[in-house]
Amino acid sequence: MIFGGSTGQVDASDLLHPSGEMSARLMIVAIALGPLMALFGPRSGLVWLVRRRRHFGVAAFAYAVLHLVFYIIDLTRRSAKDHCDGRNGKQNPYWPR
């Protein structure tokens with residue numbers, strides 16, 4: 001995927017799934033830190049993670065916004081493809097007017 005970006009072969013639909021998945025993973029980490037801290041008590045690794053909990057939440061939000069941008073780009077490209085017939089450029093009769 002990284003190498004395809006320099007040749008123009010990667011589009012928004014290729015980045016849609018990874019950005020959404022990363023957003024969900026970061027949100028799960030941010031939410032799970034509270035119960036883990038209550039369950040295991042103050043340990044050095046958990047205290048370090050709890051101090052950076054807000055960073056995980058902000059990163060999850062950033063990935064969610066990125067996911068939304070990729071989704072909108074993909075949606076507009078698909079609707080533009082569906083608008084024309086493709087063979088002769090005539091308007092698709094199923095397109096809402």
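**Overall make-up**

The protein chain has four helices and zero strands, and from the N terminus on its elements run α-α-α-α. Of the 97 residues of the protein chain, 15% count as buried. Among the contacts between residues at least 6 apart in sequence, 51% join residues that are at least 24 apart.

Since the model is predicted, a careful reader will also look at its confidence. The protein chain averages a pLDDT of 81, and 72% of the residues score at least 70. Confidence is lowest in helix α1, which covers residues 2–7 and has a mean of 55, while it is highest in helix α2, which covers residues 12–40 and reaches 91.

**The packing of α2 and α3**

Two packed helices are described by the angle between their axes and the distance between the axes. For α2 and helix α3, the latter made of residues 44–51, the angle is about 150° and the axes are 10 Å apart. Because angles over 145 degrees count as roughly antiparallel, α2 is roughly antiparallel to α3. The crossing of α2 and α3 is left-handed.

Which residues of α2 and α3 meet? On the side of α2 they are Leu33, Leu36, Met37 and Phe40, and on the side of α3 they are Leu46, Val47, Leu49 and Val50. Sorted by class, this contact of α2 with α3 has eight nonpolar residues, with no polar and no charged ones.

**Two residues of α4**

Helix α4 spans residues 53–83 and holds Asp74, and Ala59 also has its place in helix α4. The table sets out the relative accessibility of these two residues.

| Residue | Relative accessible area | Class |
|---|---|---|
| Asp74 | 11% | buried |
| Ala59 | 26% | partly exposed |

Notes. Residues are numbered from 1 along each chain as its sequence is written. This is a predicted model: local features need pLDDT of at least 70, side-chain atom pairs count only at pLDDT 80 or more; totals for chains, interfaces and linings use all residues. Side-chain values use heavy atoms; hydrogens and water are left out. pLDDT is the predictor's confidence in each residue, from 0 to 100. Axes are lines fitted to C-alpha atoms, for helices over the stretch in contact, and angles run from 0 to 180 degrees between N-to-C directions. Angles under 35 degrees count as roughly parallel, over 145 as roughly antiparallel, 65 to 115 as roughly perpendicular and the rest as oblique. A crossing is left-handed if the near helix is turned anticlockwise from the far one by less than a right angle, and right-handed if clockwise. Contact means heavy atoms within 4.5 Å. Ala, Val, Leu, Ile, Met, Phe, Trp, Tyr, Cys and Pro count as nonpolar, Asp, Glu, Lys and Arg as charged, and the others, Gly among them, as polar. Buried means under 20% relative accessible area, exposed over 50%, partly exposed in between (1.4 Å probe, protein chains only).
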